[in-house]
Amino acid sequence: MGAAAIMAGTLLSACGSGSTGTPVLNLYAYPQQHRADLVKRCNQQAHGKYRIDLNLLPRTADQQREQLVRRLAAGDHGMDILGVDVTWTAELAKAGWILPWTGSNRQQVEHGTLPAPLSTATINGQLYGAPNNTNVQLLWYRSDLMPKPPSTYQGLIDEATRLKKAGKPHYVEVTGAQYEGLVVWFNSVLAAAGGSILNKAGTQVSLGKPAVTALSTMHKFANSAAADPSLSNTQEDPARLAVEGGTAAAEINWPYVYASMAADKPAMLKNFKWAPIPGITGTGKATIGGENLAVSKYSDHPDLAFTAALCLRDAANQKYGAILDGVPPTIESVYHDTRPLDPSKKADAKTNPSMVTAYPMRQAILDELHTAVSRPVTATYQNVSTVTSTLLSPPQAIQPVPTERELRSQIDKALQSKGVLP
């Protein structure tokens, strides 16, 4: 969507409620295949009290954030409900661009929502977003090559070495390119080592000895038989394609790869299994992702926007999104819901799927969500992320002690918005 089109849409929306007098609420969110269905359902339930208009943001996260920040900074009244990546919530809250969830609205969000996604929207005790979906990575592996999934990185290296000697596909794909995926990998390995990038308040650098351990693990992995030669350029989709293409034995990736395998390589699906992500001395801790729904400070109808956001992320809609779009729910009860999409009809994997048939990895995701960790919750997250991914790239060149020292220095400057970003 071009800037001119965006502004035209904004002006039309800002002109208000249309000839029917029904208030229009503009939802801005990333493209999700069946999101329009969820909007339609809420509009029907509103019975004319409001109407949600869906506006899709660009596909890439950087472009999504840029558009939201640019328009919020201009005090744009044409946005009401915002689909915000979990890593941007603190930034928008500190800037004063999104409203806190309070009273009954907050209680409804917190009721039944898993603690981990809720923590991504909670800044200094205040709730600034309603967790709409969440995400954690799993270890996806070919059971015909790797019958017992290792629980540690050393185990993965050992398995890769064994497969390489046998002349079989042996790479284990991770997101090693210089981008947000590399920060996710580091954050998860660091959590497995018992550390974190920042302190809990998000005000000071933590790192230290656990970071040296994590960096040593990443360096060893990146220079082992498990590492794909293209590791330093690998993002989520190349990792997925390497397994589907038969050159890799496993990948650490998001749950969407299951639906992809089912569609692209159905013959491989029976051997495509999942396990918790690996750690250092045992099972690791996953980094949480996902989307929070926030209400813009500049909305002309904030009360209605909160009501509409509650509808968009209710249990029924989260179940619909999980089954048809593969996005993990934030409401725990949805994981235990065994009913098909249309409860009045018999469950059928193709025509009337349920969480049981379409989401067989749901318990593994739920288990990881109970131990998942956030990326740094700070208004300067973009700076912290840029510094981290730059200094860790390429992973093969990591020098644990010097790299930890440089990370500490550069992230400290990033927290204070000092220095020149690399």
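This is a predicted model: local features need pLDDT of at least 70, side-chain atom pairs count only at pLDDT 80 or more; totals for chains, interfaces and linings use all residues.
## Aromatic contacts around W140

The structure holds seven aromatic pairs. One of them joins W140 and Y258. Their ring centres are 6.3 Å apart and their planes lie at 35°, so the pair is tilted. W140 belongs to strand β7 and Y258 to helix α11. The pair therefore ties together parts that are 118 residues apart in sequence. W140 has 0% relative accessibility and counts as buried. Y258 is also buried, with a relative accessible area of 17%, because the cut-off for buried is under 20%.

W140 also pairs with W274. This pair is tilted too, with 6.0 Å from centre to centre and 55° between the planes. W274 lies in strand β10 and W140 in β7, so the contact ties together parts that are 134 residues apart in sequence. W274 counts as partly exposed, at 25% relative accessibility. Which residues make up the aromatic cluster that holds W140? The cluster consists of W140, Y258, F272 and W274.

Another ring contact involves a charge. The charged end of R35 sits over the ring of Y30. The distance to the ring centre is 4.6 Å.

## The five-stranded sheet

Another open sheet has five strands, in the order β2-β1-β3-β11-β6. Its pairing is mixed. Here β2 (51–56) and β6 (130–135) stand at the edges. Each of these has a single partner strand, so one side of each is left without a neighbour in the sheet. The twist averages 20° from one strand to the next.

Inside this sheet, β3 (residues 81–85) pairs with β11 (residues 289–295). The two are antiparallel and share five bridges. G83 stands opposite L293 in β11.

## Nonpolar cores

In soluble globular proteins, nonpolar side chains tend to be buried together. In this model, the largest nonpolar core has 71 residues. F186 and I411 have the most contacts inside this core. Helix α9, residues 209–222, gives the largest share, six residues.

What does F186 contact, leaving aside its neighbours within four places in sequence? The list is I197, L207, A214, L215, M218, T388, L392 and L407. A second, separate core has 25 residues. V39, C42, V295 and L312 are among them.

## Two buried loop residues

T234 is found in the loop between α9 and α10 (236–244). Is T234 buried or exposed? T234 is buried, with a relative accessible area of 2%. Not counting residues up to four places away in sequence, T234 touches E173, V174, T175, G176, A177, Y179 and A239.

P395 lies in the loop between α17 (381–391) and α18 (400–415). P395 counts as buried, at 0% relative accessibility. Leaving aside neighbours within four places in sequence, P395 is in contact with G176, L182, W185, H219, A222, L231 and S232. P395 and S417 are 22 residues apart along the chain, and their C-alpha atoms are separated by 26 Å.

Terms used:
Residues are numbered from 1 along each chain as its sequence is written. Side-chain values use heavy atoms; hydrogens and water are left out. Two strands pair if DSSP finds at least two bridges between them. Helices (H or I, at least four residues) and strands (E, at least two) are DSSP runs, numbered from the N terminus. Axes are lines fitted to C-alpha atoms, for helices over the stretch in contact, and angles run from 0 to 180 degrees between N-to-C directions. A nonpolar core is a set of buried Ala, Val, Leu, Ile, Met, Phe, Trp, Tyr and Cys residues joined through side-chain atoms within 4.5 Å. Buried means under 20% relative accessible area, exposed over 50%, partly exposed in between (1.4 Å probe, protein chains only). Contact means heavy atoms within 4.5 Å. Rings of Phe, Tyr and Trp (its six-membered ring) pair if their centres lie within 6.5 Å; planes under 30 degrees apart count as stacked, over 60 as edge-to-face and the rest as tilted. A charge sits over a ring if NZ of Lys or CZ of Arg is within 6 Å of the ring centre and within 35 degrees of the ring normal.
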